[in-house]
Every structure is written in C-alpha cells, then in structure tokens.
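This report is meant for a reader who is meeting the structure for the first time. It takes up charged side-chain contacts, then strands, then pockets.

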Amino acid sequence: MSIFSPFGQLRQRLEAGEKIINGFCSAPSPILAEFLARQGFDSLTIDLQHGLIDYQTSLTMLQAIATAGIPTICRVPWNDPIPVMKALDAGFEAIICPMINTREEAEKFGSYARYAPRGVRSFGPTRSLNAFGPSYSAVANDQILTFAMIETENAVKNLEEILTVPEIDGVYIGPADLTLSMGFVPSIVVTEPKVIDAIEHIRVATKRKNKFVGLHCSGGTAVAEMLARGFDLATISTDIRIFVAAVQQELKAARIGQKKDAKGEASSY
C-alpha cells in the first residue's frame, strides 16, 4: 500500500469524461472543510480570492480535505506567480485564476503553473513532494490543471485567443462578474438572456477546443442542469451561502411555528 496520496485525480477523471460536482470553501475553517470533504463532493475549491482565507489557513484546510482523498483546487487571489506557485507547492492539484481577459494574461498564468521548459514555475514542491511522492516533479506539468476565469465581456471577446494557449487546460465561468461587466446587476443566478447566451458561447467554444469548462452555480439543481447541458465541472454555491440558507430556512420554520403556538395550535416534537 502506497504511503503517498493519489495525484492527478481531477485531470484523470475529467479526461475520462466524468462530471465533477465541486464544493467551494470560503470560510477560514479547517473543521468545516473536513466536514465538507466527507459529504460526497468530487472536488473542493479553497477560495483565496473572495474567501476569508489566508495561505496558512488554506494549507491546514488542504491537509484536512486530503484525509477524504478528494482533489483540491485553489482559486488564487490574482494572476500573480507567487500565489500560484505557493499553492502548487502546498499540494493543490488545480488552480483557478480570476480575471483572465487576454491571451497575454492567459500565457502568464499558464507559465506560472508549469516547470521549465513549459513554464517558469520555480522548483521547490515542499509539501507536494511529501504528499504525492518522488515522481511529483516528473509528472506535475502533465497532471496539474489550470482554469482561466472568464468573467468579463472583454474576456468573452478574446476567448478564442485565450483558448489557444497550450498551458490553459480549461476555463471557469464567474457568472456574477460576467453579469456585472455586461451592464446588469451581479448575480450567480443568471436570468439575463444576453448573459445566458454568453455563457453558452463560452461552453461551446471551449469544448470545441477540447478543453474543460466549469461554472459557478447557485445550488445543486443548477449544477445538475449545467452538467447535463455539457459542462465538465460545476460548483454548488459556497460553504457560507449554504450555511446561511440552511439557518434561514430553519429559523423561518421556527418563527412560523412560534406564531402557530401563539394561536393555541398544538406543537409537535
């Protein structure tokens, strides 16, 4: 039995045509991440962009998720070499990079995630080597996944050029920023026909280039619909949003029950 964690699961599953249901960690909580990892998600993303998580906490969360044996993605804060390289050295299998709007930006992002001669990633896979074994450095270039976030109207216009970058493995659509950039109120629940058409255009163009396409969704029903429509990976909201929605639902039920009791109706336990 190997003492090392499996490496490259996410890429291998996507290449096999599997549909990935992804969870999203925004809260800086290793215990919450550990609980999420045991609920049956195919992958989890730790969000260092809009999440309330710093690097050290993300590392601890990554270690907690690793006990469940599922691959972990990092959404880095920005298109900068330092967070990309540090995330990969920590043991993340994939990187989502926000606000990729041009081919040049995509080339830079792709280069940060690959060792020479394919990129400029500096060598020093501290935890990755310990977690995945001595073959890590030899296979990392082929197993790591890079997702460029397409979330502006400008990015949609430049999509074909972005998709020609060899070191970009796929795209991840941010519907709220895309909606905002197209002149509408930002929301992950997309209702504007113009934005819906843009998202479908992104999906079709990406699949035509034989690359992976992911999407952030508002909930499980939307995820099922998007995966059936042809997306490869779809995210169920975020941990914080799910938590708040559940609390609101239970509190609403309590308030309704409280009003019934005040009218003298029987209670049930």
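In which kind of contact do the side chains of R103 and E107 meet? They meet in a salt bridge, with 2.8 Å from N to O, in what should be read throughout as a predicted model. Because R103 and E107 are four residues apart in helix α5, about one helical turn separates them.

R103 is partly exposed, with a relative accessible area of 29%, and E107 is likewise partly exposed, its relative accessible area being 36%.

## Other salt bridges

The structure holds 17 salt bridges. One of them joins E15 to R11, whose closest N and O atoms are 3.3 Å apart; both residues belong to helix α1, which covers residues 9-15, and they are four residues apart, or about one turn of the helix. E15 counts as exposed because its relative accessibility is 52% and the cut-off for that class is over 50%. R11, by contrast, is buried, since its relative accessible area is 9% and buried means under 20%. R11 and E15 are also linked with R114, R118, D142, E167 and D169 in a network of salt bridges.

Another salt bridge is formed by R121 and D89, with the closest N and O atoms 2.8 Å apart. This pair links distant parts of the chain, for R121 lies in the loop between α5 (103-112) and α6 (126-132), whereas D89 lies in helix α4 (residues 81-90), and the two are 32 residues apart. Both R121 and D89 are buried.

## Strand β6 and its neighbours

Strand β6 runs parallel to β5 (residues 145-150), and four bridges join the two; in this pairing, I150 stands opposite I173 of β6. Strands β6 and β7 also run parallel and are joined by four bridges, and here I173 stands opposite L215 in β7.

Which way do the residues of β6 point, and are they buried or exposed? G170 and Y172 point one way from the strand, while V171 and I173 point the other way, and all of these residues are buried.

## The largest pocket

The largest pocket contains about 350 Å³ of space. Its lining is made up of 19 residues, and those nearest its centre are H50, R75, H216, T238 and R241. The elements that contribute two or more residues to this lining are β6 (170-173), α10 (175-181) and α13 (239-262), with α10 giving the largest share, three residues.

Sorted by class, the lining of the largest pocket has eight nonpolar, six polar and five charged residues.

## The second largest pocket

The second largest pocket has a volume of about 290 Å³. Of the 14 residues that line this pocket, I188, V190, L215, M226 and R229 are the closest to its centre; L215 is the residue of β7 that stands opposite I173.

Which element supplies the largest share of the lining of the second largest pocket? That element is α12, with four residues, while α11 (193-208), β7 (212-217) and α12 (220-229) each supply at least two. By class, the residues of this lining divide into nine nonpolar, two polar and three charged.

How values were computed:
Residues numbered from 1 in each chain as written. Predicted model: local features only at pLDDT ≥ 70, side-chain atom pairs only at ≥ 80, totals over all residues. Heavy atoms only, no water. Salt bridge = Lys/Arg side-chain N within 4 Å of Asp/Glu carboxyl O. Buried < 20%, exposed > 50% of the residue type's maximum accessible area, 1.4 Å probe, protein only. 1 Å grid on protein atoms, 1.4 Å probe; cavity = no way out; pocket = protein on both sides within 12 Å on 5 of 7 lines; lining within 4 Å. Points joined across faces, edges and corners; volume = space filled by probe spheres on them. Nonpolar A, V, L, I, M, F, W, Y, C, P; charged D, E, K, R; others polar. Pairing = 2+ DSSP bridges.
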